[in-house]
Amino acid sequence: MNIPIESLPSPIFLMHEEKLVKNLELMRYVQQAAGIKIILAMKGFSMYHTFPLIRQYLPGSTSSSLHEARLGFEEFGGETHVYSPAYREDEFDELLGYANHFSFNSLAQFEKFQQKLFQTKPNAQAGLRINPEYSTVTVDLYNPCIPGSRLGVRAEDLPETLPEGIEFLHSHNLCESDSYALEQTLQNIERLFGRFLPHIKLLNLGGGHLMTREDYDVEHLISTLKNFKAKYPHLQIILEPGSAVAWQTGYLVSTVLDIVHSKGIDVAILDCSISAHMPDVIEMPYKPKIHGATDPVAGKPTYRFGGQTCLAGDFVGDYSFDTPLKIGDKIVFDDMMHYTMVKTTTFNGINLPHMGIWKKEGVYEHLKSFGYQDFKSRL
Ligand SMILES: Cc1ncc(COP(=O)(O)O)c(C=O)c1O
C-alpha cells in the first residue's frame with residue numbers, strides 16, 4: 001500500500017485519493033461513451049472534503065434527507081437531487097432552497113407538495129419513484145422490491161397517464177449489481193411502465209451499479225444504455241451510485257490493543273469497533289479483507305478481531321497471518337469508504353475514528369479528529 005500508516009493517528013478512516021481518481025476517471029468515460037449522467041448518492045459516501053475533486057467528474061449529487069440535500073447544495077454544487085420515502089411539511093420549504101430535482105415516493109406525496117414546489121421553483125423537476133418489481137439482491141434488508149416494500153409505486157397502482165408535472169421516473173432496485181441486472185431492470189421498466197416512457201423527460205436508474213468493481217462489464221453497461229437510449233432518444237438517463245464511487249478507495253486502519261486467549265482462540269482487541277465503525281460487517285453480514293491476512297490456515301498464526309466495545313458480538317471472523325501479531329501492530333481493513341463511514345456511531349462512548357486523505361501527491365492530509373463533545377452532543 002506504500003503509505004506510512006505507523007505515523008498516522010489510530011483508528012483512522014483513510015481515503016486513498018489516487019484510487020478515488022481512478023474510479024472517477026472510469027465514471028467520466030461511462031458518461032461520455034453512453035451519453036448519460038452519473039451523480040453521487042451521498043448516503044453511500046459523504047466525505048465532503050473530496051467533493052471538489054468528485055465535482056470535476058460528476059455533475060451533481062443526490063440526497064435522501066434535508067441534511068444531505070443541504071450538504072450536497074453547499075459542498076457539492078451542480079445538480080442537487082432529493083428523494084425521500086415521505087417528505088415532511090415542516091422541512092419542505094428549506095428543502096426547496098437546496099434541491100432542484102424532487103423524486104416523490106407516491107402520487108399522494110406529489111399532490112401534497114406540487115403546488116409549493118412549482119410556485120417556489122417553476123424550473124424544478126418532479127418525478128415519481130417506481131417499483132420495477134425485479135431485483136437480484138438476495139438480502140431483504142437491501143431489496144426495495146420485496147413484497148410489502150414501501151419504496152416506489154407499482155405499475156398496477158398507477159393510472160393510465162401520469163399527472164401533469166411529473167417529468168421523470170426514478171427506479172432503484174440494485175445493490176452491488178452487474179450490468180446484466182440493469183439490462184433486466186430496463187426490460188421490466190419497459191414491460192410495466194412502457195406507456196409512460198414517451199411522455200417523460202428523464203429516467204433515473206438509481207444506484208447499485210458497481211461499475212468500478214474489477215469484474216464489472218463496463219462495455220456491456222455502455223451498450224445496454226446506448227441501446228435503450230436508441231429506443232428513447234428523448235430520455236435523459238441518470239445513474240446515482242454511492243458504493244461505486246468510493247469502491248475500494250480507502251481503509252480503516254486500527255491498532256491491536258491486547259490479545260486474549262479464549263478456549264483455544266486468540267482474540268485481538270482493536271482500538272476500533274466492528275459494531276460502531278463497520279456496522280455493515282454485522283448487518284449484511286460480510287467479512288472484510290485485512291491487508292496481509294488470509295482466511296484461517298491450519299498451522300499459521302490465526303486471530304479473531306474484536307472491537308473495543310463490550311458488545312459480545314463486536315467481532316469479525318478469523319484471519320491468519322504469516323507471523324504472530326504483537327500489541328501495537330496496525331490492522332488495515334480494506335474498502336471501508338462507502339456506507340460504513342456514514343453509518344458510524346459512538347456506541348459505548350467509543351470515539352469516532354480520525355479522518356484523513358493520502359493525497360495523490362504522496363502526502364498525508366489530516367481532515368478531522370473527534371472527541372467528547374461529538375459524543376455528548378448526540379445524547
Ligand atoms: C434511491 C437510492 N439511490 C441510490 C442509492 C445508492 O446505491 P449504491 O450505493 O448501492 O450505488 C441508494 C442506496 O440505497 C438508494 O436508495
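**Salt bridges, sheets and a buried serine**

Arg-88 counts as partly exposed at 48% relative accessibility, where buried means under 20% relative accessible area, exposed over 50%, and partly exposed in between (1.4 Å probe, protein chains only). The model is predicted, with local features requiring pLDDT of at least 70, side-chain atom pairs counted only at pLDDT 80 or more, and totals for chains, interfaces and linings using all residues. Residues are numbered from 1 along each chain as its sequence is written, and side-chain values use heavy atoms, with hydrogens and water left out.

Arg-88 meets Asp-90 in a salt bridge, with the closest N and O atoms 2.9 Å apart; a salt bridge here is a side-chain nitrogen of Lys or Arg within 4 Å of a carboxyl oxygen of Asp or Glu. Asp-90 is exposed, at 58% relative accessibility. By this rule the count comes to 21 salt bridges. Another of them links Arg-213 and Asp-215 at 3.1 Å, N to O; Arg-213 is partly exposed, with a relative accessible area of 26%, while Asp-215 is exposed at 61%. Lys-343 and Glu-283 also form a salt bridge, at 3.0 Å from N to O. Lys-343 sits in the loop between strand E15 (330-334) and E16, and Glu-283 in helix H10 (residues 279-283), so this pair ties together parts that are 60 residues apart in sequence. Both partners are partly exposed, Lys-343 at 27% and Glu-283 at 40%. Salt bridges with shared partners also join Glu-17, Lys-359, Lys-360, Glu-361 and Glu-365 into one network.

Turning to the sheets, helices (H or I, at least four residues) and strands (E, at least two) are DSSP runs numbered from the N terminus, and two strands pair if DSSP finds at least two bridges between them. The buried residues of H3 are Leu-66, Glu-68, Ala-69, Gly-72 and Phe-76; they pack against E3, helix H2 (51-55), E4, E5 and helix H4 (89-96). Just after H3, Gly-77 adopts a positive phi of about 80 degrees.

Strand E1 (residues 12-16) is mostly covered, with five of its five residues buried. Ile-12, Leu-14 and His-16 point one way from E1, and Phe-13 and Met-15 the other way. E1 pairs in the parallel sense with strand E16 (residues 354-358) over five bridges, Leu-14 standing opposite Gly-356. Four bridges also join E1 to strand E11 (residues 250-262) in the antiparallel sense, and Ile-12 has Val-253 of E11 as its bridge partner.

What does Ser-179 touch beyond residues up to four places away in sequence? The contacts are Tyr-216, Asp-217, His-220 and Leu-221. Ser-179 belongs to helix H6 (residues 179-193) and is buried, at 1% relative accessibility. Its C-alpha atom is separated by 25 Å from that of His-101, 78 residues apart along the chain.

Technical notes
Contact means heavy atoms within 4.5 Å.
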